[in-house]
Amino acid sequence: MIRFDPNKTLDQLDPSAWGKPEYDSHLVTTCHRLRQQPPREFSVEDLRIMIGQGISLPWLMPLAVEALEADPLAEGDFYPGDLLAAVLRVPPDYWSSAPEWLYRTKALLDRIPELSKDLAEAVAAVREVAA
């Protein structure tokens, strides 16, 4: 279960607010824009982008894991399983602080019949993380 006020933005949940981007790139402006909306409004692609950048993981990983439990190969803008790829590439130190999400992620991995080589390597790395 997700334990935060779903009406708050990431700027409110994960202070301090970022303000306006200092660098004009699509990725930077997208991340700044997403910090100003409640995570409950995030699409799979929004989750993929932010998690891929390691931003606000305590609030976004639960949403991502729940989305993956519903569809392990949930797709953002790139390919089936791109959200899973972003989740699996989260640094190991996150997992040690979030054993519930590690356990649930490992459980959903068992439901995926076949993985690409890249995903298989990332899955192996997550399975090695101690709960």
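Buried residues are those under 20% relative accessible area. That cut-off applies to the views below, which show a predicted model.

**Figure 1. Buried residues of helix H7 and the elements around them.** Helix H7 covers residues 99-109, and its buried residues are Trp101, Leu102, Arg104, Thr105, Leu108 and Leu109. These buried residues pack against H4, helix H5 (82-88), helix H6 (92-97) and helix H8 (117-128). An α-helix has 3.6 residues a turn, so residues three or four places apart point the same way. Two of the neighbours, H4 and H8, are taken up in the next two views.

**Figure 2. Packing of H4 on H7.** Two packed helices are described by the angle between their axes and the distance between the axes. For H4 and H7 the angle is about 20° and the axes are 10 Å apart. Because angles under 35 degrees count as roughly parallel, H4 is roughly parallel to H7. The two helices cross with left-handed sense. On the H4 side the contact is made by Pro62, Val65, Glu66, Leu68 and Glu69, and on the H7 side by Trp101, Arg104, Thr105 and Leu108. Sorted by class, the contact of H4 with H7 has five nonpolar residues, one polar residue and three charged residues.

**Figure 3. Packing of H7 on H8.** The axes of H7 and H8 come within 10 Å, with a crossing angle of roughly 135°. H7 and H8 are therefore oblique to each other. H7 passes H8 in a left-handed crossing. Leu102, Lys106 and Leu109 of H7 meet Val123, Val126 and Arg127 of H8. The classes in the contact of H7 with H8 are four nonpolar, no polar and two charged residues.

**Figure 4. Packing of H3 on H4.** Helix H3 (residues 44-52) and helix H4 (residues 57-70) have axes that come within 10 Å and cross at roughly 140°. That angle makes H3 oblique to H4. The crossing of H3 past H4 is left-handed. H3 contributes Leu47, Met50 and Ile51 to the contact, and H4 contributes Leu57, Leu60, Met61, Leu63 and Ala64. By class, the contact of H3 with H4 has eight nonpolar residues, with no polar and no charged residues.

**Figure 5. Serine 56 in the loop between H3 and H4.** Serine 56 lies in the loop that joins these two helices. Phi of serine 56 is near 55°, which is a positive value in a residue other than glycine. Most residues other than glycine have a negative phi, and most peptide bonds are trans. At 5% relative accessibility, serine 56 counts as buried.

Figure 6. The peptide bond from proline 15 to serine 16 is cis, with omega near 5°. Serine 16 is found in the loop between helix H1 (10-13) and H2. In H2 the buried residues are Thr30, Cys31, His32, Leu34 and Arg35. The cover over these buried residues of H2 includes H1 and H3.

**Figure 7. Two loop glutamates.** Glutamate 41 lies in the loop between helix H2 (26-35) and H3. With 44% relative accessibility, glutamate 41 counts as partly exposed. Glutamate 41 and threonine 9 are 32 residues apart along the chain, and their C-alpha atoms are separated by 9.7 Å. Glutamate 75 is found in the loop between H4 and H5. Glutamate 75 is partly exposed, with a relative accessible area of 43%. From glutamate 75 to arginine 48 the separation is 27 residues in sequence and 8.8 Å in space, C-alpha to C-alpha. Not counting residues up to four places away in sequence, glutamate 75 touches Val44, Pro80 and Asp82.

**Figure 8. The aromatic pair.** The count of aromatic pairs comes to one. The ring centres of tyrosine 94 and tryptophan 95 are 5.5 Å apart and the ring planes are at 70°, so the pair is edge-to-face. Tyrosine 94 is buried, with a relative accessible area of 9%. Tryptophan 95 is buried as well, with a relative accessible area of 1%.

Notes. Residues numbered from 1 in each chain as written. Predicted model: local features only at pLDDT ≥ 70, side-chain atom pairs only at ≥ 80, totals over all residues. Heavy atoms only, no water. Axes fitted to C-alpha atoms, helices over the stretch in contact; angles between N-to-C directions. Helix = DSSP H or I, 4+ residues; strand = E, 2+ residues; numbered from the N terminus. Parallel < 35°, antiparallel > 145°, perpendicular 65-115°, else oblique. Left-handed = near helix turned anticlockwise from the far one by under 90°. Contact = heavy atoms within 4.5 Å. Nonpolar A, V, L, I, M, F, W, Y, C, P; charged D, E, K, R; others polar. Phe/Tyr/Trp six-rings, centres within 6.5 Å; stacked < 30°, edge-to-face > 60°. Buried < 20%, exposed > 50% of the residue type's maximum accessible area, 1.4 Å probe, protein only.
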